Amino acid sequence: MGRTALGELRKIGAGPERRQAVDDSTRDANARQVFEVLAELKGPALKLGQVLSQQRHELPEAWARRLAALQRSAPPMHGALVRVQIRNELGRPPEDLFDAFEREPFAAASLGQVHRARRGGEELAVKVQYPGIERAIGSDFSILQALLRTAELAVHRPELEPALAEVRQHVEQEVDYVQEADALELFGRHLESEEDVRVPRVVRELSGRRVLTMERLEGFHVEELLRAGVPQAEHDRLATRLLDLFFRQTMVLGVFQADSHPGNFLFLPDGRIGLLDLGCTKRLPPDLVREHRRLFLLPLDDDAALTEQFIRLRLFDPEEERARERLSLLLRMQRLDVPMYQSDQAFDFADGAWLRDLSLCLRDALRAGLTHPELVLYMRAKLGLYSLFHQLGARVRCHRVLRAYL
Amino acid sequence: MRARETSKEQTKQRILDVALALFRDKGFRQATMRDIAEAAGIALGTTYNYFPTKDHIALFFFEEALSRVIARHRRETPPEASLEEWIFSLIALELEEVEPFRGFLDVLVAQAAVPGSPLHPFSLDAERLKSRYLDYVAGMLRGALDRGELPQAGYEALMLQAFWAFHLGILFFWLNDESPHKEDTWILLDKSLRFILGALRQGGQLAPEQREQTG
């Protein structure tokens with residue numbers, strides 16, 4: 001059981017994880033019961049698994065093991081079912097809509113899979129969703145939420161309920177590909193002037209709630225980039241650019257890609273960065289952005305000012321249970337995260353110990369009941385980005401990147 | 001083609017077109033052979049020469065549909081398709097082709113559920129339709145058995161009857177399915193095929209790993 005958060009973070013996006021079995025028969029029984037229900041969810045269960053797996057170390061091994069098994073066992077859709085989905089959503093089968101359509105998917109997606117296609121000489125990616133997920137969400141999540149309340153787990157891990165509620169919200173957004181198409185167009189418009197960033201173009205007339213057709217970008221994911229033996233300076237440049245994009249989204253656009261899974265970034269051969277999977281985005285209200293920006297500016301030894309700011313951001317309420325614990329964790333996170341934004345030195349993201357500390361801090365804060373409709377997602381997205389930087393072993397002058405947005 | 005045959009074909013087609021319209025507008029139960037003859041401008045007796053009963057007209061539509069289904073299925077299903085996909089695709093095509101005739105599908109389905117006297121002309125003809133369908137499926141099953149994809153257990157005939165019952169079940173379900181885009185039918189079809197074929201591959205025994213995987 002000696003796996004560190006660092007090791008786990010390294011594995012994000014790297015494929016199916018193995019788990020050590022830990023005998024705990026009571027928890028196993030609870031887990032089994034909940035997983036009977038999870039097994040029916042398919043898509044949402046996978047999403048729950050993904051989200052919770054980012055906090056894997058929080059879960060009893062029995063849960064973690066079964067979640068992993070659940071993720072592996074989801075059946076892909078065969079060509080005939082894909083055909084039905086496309087015909088239902090777009091009114092005609094793929095052979096009528098595309099010049100070419102690959103029957104086998106080339107990538108999995110949460111809730112579905114992605115196929116290569118071609119139309120009018122343009123290379124396309126067509127994301128197709130498994131049937132019935134949206135209708136399953138409502139009832140099944142209610143059941144799952146009820147189950148969690150009764151399962152022994154809820155007593156020891158109270159943050160799982162809000163995590164579940166949050167996942168439910170995410171899934172409701174992700175299950176509607178029209179929302180993703182909207183997000184792609186919004187980001188595309190906003191980043192149009194950025195020549196080194198590519199947001200896939202949406203083909204609206206071949207898209208709907210369950211099918212999303214877009215321009216296909218060809219490039220490397222981070223693992224392949226690492227294998228390609230690209231110079232370190234390039235890693236640094238890419239990470240810097242990604243951090244810049246993140247602030248561009250959070251500080252200027254007011255909408256950010258909330259799922260910062262490394263697989264969502266594509267490194268194109270010409271050095272540009274492709275943004276994929278905008279199925280999960282979160283809006284940041286302007287006043288929140290303003291208040292949060294201040295966190296980067298406050299001196300790190302001024303506990304009083306920081307505390308006041310946390311209160312203003314509704315991250316902390318002194319009246320609540322375990323408030324002191326949360327405050328100390330928030331302060332710790334602040335002191336781990338912000339220094340690189342206040343010093344002109346380049347920060348070395350290869351520092352695994354630092355990353356582990358920060359992630360455990362967030363984990364503990366969540367365990368101590370930290371909730372916030374936007375900022376928790378923001379923190380997770382940032383942490384996901386940091387873990388990607390860690391994989392890249394990048395050195396980034398974070399202060400310089402942020403400066404442009406202050 | 002000789003003139004007489006062409007005009008026979010034309011008459012037959014006219015009867016069919018008119019019948020389909022009448023079945024839609026008036027409903028299958030309400031439409032009579034007399035209505036059809038009248039609308040087609042043909043003597044009733046002549047109409048009976050082409051189709052002895054109203055049920056036979058319905059049957060003809062389904063026979064043509066089956067021919068189209070088999071032709072399309074042969075053309076569109078890749079040779080490397082899994083059994084799940086092969087069967088799913090067949091039933092999906094069937095539902096697609098039969099959609100326009102939903103209003104009188106119960107002619108077939110009721111016949112299958114409660115077969116009339118085997119000597120009744122309609123029963124024999126309906127049996128022929130069923131045989132043609134099952135022959136096509138049997139070809140696939142035999143191939144799967146030969147390849148060792150399904151365990152040899154000497155129950156090919158039983159499997160065909162089971163398949164027929166399964167497919168009727170899906171048809172019934174689909175007829176009454178009110179879910180958007182009938183997604184409940186597709187989910188049922190997908191899940192049940194994975195489960196059943198998975199079980200068959202294991203010789204009817206589900207291994208523990210498989211138990212966790214299904215569903």
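Me: Which residue in E3(A) does Ala108(A) stand opposite?
Reply: Ala108(A) faces Gln113(A) in E3(A). Strands (E, at least two residues) and helices (H or I, at least four) are DSSP runs, numbered from the N terminus.

Me: What kind of model is this, and how is it numbered?
Reply: This is a predicted model, in which local features need pLDDT of at least 70 and side-chain atom pairs count only at pLDDT 80 or more, while totals for chains, interfaces and linings use all residues. Residues are numbered from 1 along each chain as its sequence is written, and chains are lettered from A and ligands numbered from 1 in the order in which they are written.

Me: Back to the strands. How many bridges join E2(A) to E3(A)?
Reply: Three bridges join strand E2 (residues 107–109) of chain A to E3(A), and the two run antiparallel. Two strands are said to pair if DSSP finds at least two bridges between them. E2(A) and E3(A) form a hairpin with two residues between them, and Leu111(A) in the turn has a positive phi of about 75 degrees.

Me: Which other strands does E3(A) pair with?
Reply: Strand E1 (residues 100–101) of chain A is joined to strand E3 (residues 112–119) of chain A by two bridges, again antiparallel. Within that pair, Phe101(A) stands opposite Ala117(A). E3(A) is also joined to E4(A) by eight antiparallel bridges, with Gly112(A) opposite Gln129(A). E3(A) and E4(A) form a hairpin with two residues between them, where Gly120(A) in the turn has a positive phi of about 55 degrees.

Me: And what joins E4(A) to E6(A)?
Reply: Five bridges join strand E4 (residues 122–129) of chain A to E6(A), and these strands run antiparallel. Val126(A) stands opposite Thr213(A) in E6(A).

Me: Is E6(A) mostly covered or mostly uncovered?
Reply: Strand E6 (residues 211–215) of chain A is mostly covered, with four of its five residues buried. A residue is buried if 20 or more other C-beta atoms lie within 10 Å of its own, exposed if 12 or fewer, and partly exposed in between, with C-beta atoms placed from the backbone.

Me: Where is the largest nonpolar core?
Reply: The largest nonpolar core has 104 residues, and those with the most contacts inside it are Ala239(A), Leu243(A), Ala365(A), Phe389(A) and Val396(A). Helix H18 (residues 375–392) of chain A supplies the largest share of this core, eleven residues. A second, separate core of 17 residues includes Phe23(B), Ile36(B), Ala40(B) and Ala58(B). A nonpolar core is a set of buried Ala, Val, Leu, Ile, Met, Phe, Trp, Tyr and Cys residues joined through C-beta atoms within 7 Å.

Me: Changing topic: how many helices and strands does chain B have?
Reply: Chain B has ten helices and zero strands. Buried residues account for 21% of its 215 residues.

Me: Where does Leu93(B) sit, and why does it count as buried?
Reply: Leu93(B) lies in helix H5 (residues 83–98) of chain B. Leu93(B) counts as buried because it has 21 C-beta neighbours inside 10 Å. Not counting residues up to four places away in sequence, Leu93(B) touches Val69(B), Arg72(B) and His73(B). Two residues are in contact if their C-beta atoms, placed from the backbone, lie within 7 Å.

Me: And what about Glu97(B)?
Reply: Glu97(B) is also placed in helix H5 of chain B. Glu97(B) is partly exposed because 18 other C-beta atoms lie within 10 Å. Leaving aside neighbours within four places in sequence, Glu97(B) is in contact with Ala65(B), Arg68(B) and Val69(B).

Me: Which elements of chain B have the highest and lowest mean pLDDT?
Reply: H5(B) has the highest mean pLDDT (95), and helix H10 (residues 208–213) of chain B the lowest (49). pLDDT is the predictor's confidence in each residue, from 0 to 100. Where pLDDT is low, the predicted coordinates should not be read in detail. Across chain B the mean pLDDT is 85, and 85% of residues reach 70 or more.

Me: Which domains does chain B have?
Reply: The domain assignment gives domain 1 (1–51) and domain 2 (54–213) of chain B; such bounds come from an automatic or database domain assignment. Nine residues of domain 1 of chain B are in contact with eight residues of domain 2 of chain B. Helix H1 (residues 3–25) of chain B gives the most to the side of domain 1 of chain B that touches domain 2 of chain B, with four residues.
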